[in-house]
Each structure stands twice: as C-alpha cells, then as structure tokens.
Amino acid sequence: MNTPAGRTPEQKYLALTAAKSASASTDTLNTLFAQLKPVAPAFLVGEWVGGHFALPAVAPDVAKRATVDWVSRKVAWGKVFCADGSVEPLVLLDHGVKVVEAEFGGVVSAAIVSDKLPFIDYLRYVDDDTVAGQFCVGNAMLAKFLGIPPLHFFIKRRRAAKL
C-alpha cells in the first residue's frame, strides 16, 4: 500500500531511523507502527541488534512532550531468538524472556514477553532484515520509577545486516 507521498509505511519508518538528527512525534510513530505488517515468531529466529528512539523523561508535562529523537549511536540492544521461542540476551540481563504471538492494536504479531518484568515488546515487519518494535511497560508506577514513558519505539535488524 503506497501512501499519498508515494512511500510505504515501511519506507517512512526506515527514513526516520536513517538520519542521525531525525525525529518523529509519538503520534507519527504510532500511526506508522499501526500500518506495518505482522511478523511470526519463526521469522525472528537468529541474532538481532538495534537501537531505540530516545526516551523522553516522564514529567508532569509528558503529554506535551510528544517528540522523540532517534539514538544516533544505535546501541547493540541485541537478542538471539531461538526456534523454541526462547530469547537470549546479548546485552541486557533479561533471561526468562520468550517470543509469542500477541494482539496489539487489532493485529496479531510476534511479541517479546518477560516472565519477571511487566513489559511487552510488540514487533512489526519493516523488511526481511528489519523489525519495528513498540515497548510497553505494563505498570505505570514502574515506568515512572524508571523515568521512562509507558510506550516507546525501537528497531531491530538481523546481526548480519548493517545498522
């Protein structure tokens, strides 16, 4: 499906992550994420790395702070997705994580869930080597304690692909 500007949602999402100084509003990211296709957990088998859009500080004016900036250093927030559905961390110590299918925004797609922490990463297809993610903290008090918004966006690419 082409958008009025002639670019697909996948192309627009990639464009937001390509420029070091690129930024996008939360509304823009929500809209694009909702238009991306689902991915099956089996699609993810292998090693993935990526980065995330910077997290605006949680403050009383959080509703006014709708802009997030791409982290240009694109840290290696890596994971290895195993065929049995388990997920092994490359950077963060988050054992007890698995990939499952879950519904989000009316779309059933792969999602990363933790046995220990109240979060879910919902994933959508961008291209054969790229997935977009929306990180959702399921506990507002925890999000506030961590100083992060309850929702934010990230991208993962197969380790063999360039970031």
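How many disulfides does the count come to? By the rule used here, in which a disulfide is a pair of cysteine sulfur atoms within 2.5 Å, the count is zero. Cys82 is partly exposed, at 25% relative accessible area, while Cys136 is buried, at 11%; buried means under 20%, exposed over 50% and partly exposed in between, with a 1.4 Å probe and protein chains only.

A word on the ground rules. This is a predicted model, where local features need pLDDT of at least 70 and side-chain atom pairs count only at pLDDT 80 or more, while totals for chains, interfaces and linings use all residues. Residues are numbered from 1 along each chain as its sequence is written, and side-chain values use heavy atoms, leaving out hydrogens and water.

Now let's step inside. In soluble globular proteins, nonpolar side chains tend to be buried together. Here the largest nonpolar core has 16 residues; such a core is a set of buried Ala, Val, Leu, Ile, Met, Phe, Trp, Tyr and Cys residues joined through side-chain atoms within 4.5 Å. Those with the most contacts inside this core are Leu44, Phe81, Val99, Ala110, Leu123 and Val131. Two or more residues each come from β7 (97-104), β8 (107-114), β9 (119-127) and β10 (130-137), and β10 gives the largest share, three residues. Strands are DSSP runs of E, at least two residues long, numbered from the N terminus. A second, separate core of 15 residues includes Leu16, Leu32, Ala102 and Phe153.

Beyond its neighbours within four places in sequence, Val99 is in contact (heavy atoms within 4.5 Å) with residues including Pro41, Leu44, Phe81 and Ala110.

Key. Helix = DSSP H or I, 4+ residues; strand = E, 2+ residues; numbered from the N terminus.
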